[in-house]
Amino acid sequence: MPLSRSLSMTSLNGLPQWEDEDLPVEDLLLFEVSWEVTNKVGGIYTVIQTKAKITVDEWGENFFMVGPYYEHNVKTQVELCEPPNPAIEKAMDALRSNGCQVYFGRWLIEGSPYVVLFDIGAAAWNLDRWKGEFWDAAGIGLPFDDREANNSLIFGSLTAWFFKELTDQFQGTPSIIAHFHEWQAGAGLILCRSRKLPIATIFTTHATLLGRYLCAGNADFYNNLDKFNVDKEAGERQIYHRYCMERAAVHCAHVFTTVSQITAIEADHMLKRKPDVVTPNGLNVKKFSAMHEFQNLHSTNKVRLQEFVRGHFYGHLDFNLEKTLFFFIAGRYEFMNKGADIFLESLSRLNFLLRVHKRDVTVVVFFIMPAKTNNFNVETLKGQAIRKQLWDTAHSVKEKFGKKLYDALLKGEIPDMNKILDRDDFTIMKRAIYGTQRQSLPPVTTHNMLDDSTDPILSNIRRIGLFNSRTDRVKVIFHPEFLSSTSPLLPMDYEEFVRGCHLGVFPSYYEPWGYTPGECTVMGIPSVTTNLSGFGCFMQEHVADPAAYGIYILDRRFRSADESCNQLTQFMFGFCQQSRRQRVIQRNRTERLSDLLDWRYLGRYYMHARHLTLSRAFPEKFKMDPTAPPQTEGFRFPRPSSVPPSPSASVHSTPHHSDEEEEDDEELYDEEEEAKKDRQNIKGPFTGGEVPHGE
């Protein structure tokens with residue numbers, strides 16, 4: 001049955017959607033196998049979780065996920081039930097009768113996909129036998145002390161065993177597609193292929209194992225991709241067996257995919273196979289019914305951040321919060337991989353520029369990176385307590401003042417303002433003012449760090465001298481813990497925090513995709529990314545002028561570290577020079593890019609991979625259109641008609657308009673008109689032709 005593509009005339013806010021012609025979903029079963037199914041370890045969990053809904057919409061009852069069983073995860077995330085497919089129940093019973101524990105249920109996330117979960121611990125007694133079988137099949141030996149690799153082998157052996165029981169029942173119909181994610185699931189793919197099971201296989205690497213280790217070791221990675229002796233490098237880092245599992249899975253799969261163009265180049269050199277399809281990571285984008293509701297959310301959450309800053313900088317609050325911008329960086333604490341080193345150096349240079357140019361803008365920078373701590377910083381907690389006490393004092397005086405004013409007005413009198421507050425009121429206010437005095441500078445960290453003297457962020461803050469002094473125009477707050485709405489210090493969850501900020505800065509050196517700038521884009525918050533991140537490469541490919549849409553792409557591939565610092569400094573300094581009106585317009589543009597990151601659009605790359613693997617595994621049943629287009633061609637948003645985003649004569653697109661807008665911008669701006677032009681200039685994927693610029 002031919003598998004061909006056609007473009008639908010329907011659209012996702014202007015993005016064409018594919019329609020699959022004659023894809024016999026009812027005669028197929030799709031399994032996604034990953035160590036992170038119901039088991040959050042890293043970013044792959046987000047990929048699998050967010051993609052589930054569109055996959056369930058497409059495949060219905062014929063889609064299943066396969067992962068490890070952990071009781072604490074299952075109790076909170078999975079509703080156990082009986083399999084709807086009798087063949088799956090029979091395969092599970094075959095494993096159970098041989099002493100293995102297998103569970104089936106619905107994962108309680110959007111889409112509620114079915115999950116098959118294997119208890120790794122209950123099957124560990126088979127480990128030695130399975131190590132022998134794996135050696136015979138692939139020639140890969142696993143050391144006894146690598147628990148993660150041993151667990152991966154148990155998981156893979158159970159997966160392959162399950163598929164063997166399943167395919168023995170089907171005898172070719174329905175056909176099975178098995179999609180394996182990352183090296184932890186690779187053993188299952190290797191065993192399926194070595195046993196010649198009739199399964200169409202896909203393997204996706206979200207980051208190469210060796211690439212992550214090399215970058216963590218401060219190697220000049222991208223300039224030496226073709227020079228690494230991969231076997232030697234993996235051996236020196238004692239991960240050769242893991243590397244072999246990953247590489248064997250890559251070469252065994254019918255179709256090999258990765259998440260970005262930059263990771264495709266890396267995989268070609270590290271794993272010695274060029275990916276067949278690039279499958280970018282997406283998100284479930286929820287549009288607001290009111291066009292500018294996200295602007296209102298930004299304003300609301302910015303006020304909450306301002307309240308925190310009032311408490312943190314009590315006694316040193318000599319800057320205007322209405323002219324204060326909030327920048328942030330968030331993610332795993334990989335100091336150099338995540339670009340925190342470049343960011344801190346650039347902040348030092350930004351501080352110098354703001355002071356020299358005597359700008360009245362202040363930048364408060366948050367570092368949200370989990371590190372080892374033993375508790376909240378006492379001085380930080382004290383600041384929030386003093387802020388609350390001042391708030392209570394102001395309210396009590398206000399109520400007293402209001403009552404006296406109300407009584408006087410009822411009598412038809414204009415009250416004597418010198419008598420409306422008595423001596424006690426002034427005493428209370430003076431005591432509150434004296435209570436805000438502090439002898440020390442506001443702390444740069446909100447927690448007590450266990451390794452204060454050796455912590456990379458704190459060490460670099462000492463080196464560049466950003467201690468939150470009164471003369472600094474850049475203030476730093478290091479929050480070494482993930483955000484939570486139940487925190488007594490900063491009671492905001494991550495989404496609320498991001499919406500309240502003005503700019504996310506992610507100058508990563510090693511970032512196969514990069515969900516953090518993607519999340520900013522979906523929320524309408526501008527961000528800085530790099531041309532070494534998958535997200536940055538994707539935006540460069542799809543957007544003609546990313547900076548005009550609030551996506552600043554830092555060049556870390558073809559510039560030195562010092563040049564990259566200067567470029568990042570200029571990005572941030574230029575952002576500080578924008579008026580509030582300009583930032584509002586830019587956020588509107590940024591939010592319009594969210595359709596690019598919607599799984600309803602990006603899910604088509606996974607569809608393409610499934611079509612390809614069926615045509616390779618079962619060529620007599622499924623044929624791929626020989627004119628199938630390249631998998632990474634896309635469309636490009638044109639350069640906005642008004643750049644820079646500066647017109648102040650336009651109608652207000654948000655109720656939160658500043659009275660301090662610049663008066664010299666005469667260029668007209670119409671949000672609706674510009675959005676319409678963007679939709680008209682979208683180039684449908686896989687249609688070829690030049691990218692139109694303009695209407």
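**View 1. Strand β16 and its covered faces.** Strand β16 is mostly covered, since six of its six residues are buried, where buried means under 20% relative accessible area, exposed over 50% and partly exposed in between, with a 1.4 Å probe and protein chains only. Val 474, Val 476 and Phe 478 lie on one side of β16, while Lys 475, Ile 477 and His 479 lie on the other, and all of them are buried. Helices (H or I, at least four residues) and strands (E, at least two) are DSSP runs, numbered from the N terminus. This is a predicted model, in which local features need pLDDT of at least 70 and side-chain atom pairs count only at pLDDT 80 or more, whereas totals for chains, interfaces and linings use all residues. Residues are numbered from 1 along each chain as its sequence is written, and side-chain values use heavy atoms, with hydrogens and water left out.

**View 2. The parallel sheet of six strands.** An open sheet is formed by six strands in the order β16-β13-β12-β17-β18-β19, with parallel pairing; two strands pair if DSSP finds at least two bridges between them. At the edges stand β16 (474-479) and β19 (551-554), each with a single partner strand, so one side of each is left without a neighbour in the sheet. On average, neighbouring strands of this sheet are turned by 25° against each other, direction ignored. Strand β13 (residues 362-368) runs parallel to β16 and is joined to it by six bridges; Val 364 stands opposite Lys 475, and Phe 367 has Phe 478 as its bridge partner. Helix α12 (residues 340-356) lies across β12, β13, β16, β17 and β19, and runs at about 170° to β13, where axes are lines fitted to C-alpha atoms, for helices over the stretch in contact, and angles run from 0 to 180 degrees between N-to-C directions.

**View 3. The mixed sheet of nine strands.** Nine strands make an open sheet with mixed pairing, in the order β5-β6-β7-β4-β3-β8-β9-β10-β11. Its edge strands, β5 (78-80) and β11 (277-278), each pair on one side only. Strands β5 and β6 (residues 102-107) pair in the antiparallel sense over three bridges, and Val 78 stands opposite Trp 107 in β6. Helix α5 packs on the sheet, touching β3, β4, β7, β8 and β9, and its direction makes about 175° with that of β3.

**View 4. The largest nonpolar core.** This core has 76 residues, and those with the most contacts inside it are Phe 31, Phe 162, Phe 163, Leu 166 and Phe 221; a nonpolar core is a set of buried Ala, Val, Leu, Ile, Met, Phe, Trp, Tyr and Cys residues joined through side-chain atoms within 4.5 Å. Helix α5 (residues 147-170) gives the most to this core, with 11 residues. Apart from it lies another core, of 64 residues, among them Met 369, Val 498, Ile 525 and Tyr 552.

**View 5. Asn 73 in its helix.** Asn 73 is found in helix α2 (residues 71-77) and is buried, with a relative accessible area of 10%. Not counting residues up to four places away in sequence, Asn 73 touches Thr 38, Asn 39 and Val 78, contact meaning heavy atoms within 4.5 Å.

**View 6. Confidence along the chain.** The mean pLDDT of the protein chain is 87, and 87% of its residues reach 70 or more; pLDDT is the predictor's confidence in each residue, from 0 to 100. Over residues 646-667 pLDDT stays under 50. Where pLDDT is low, the predicted coordinates should not be read in detail.
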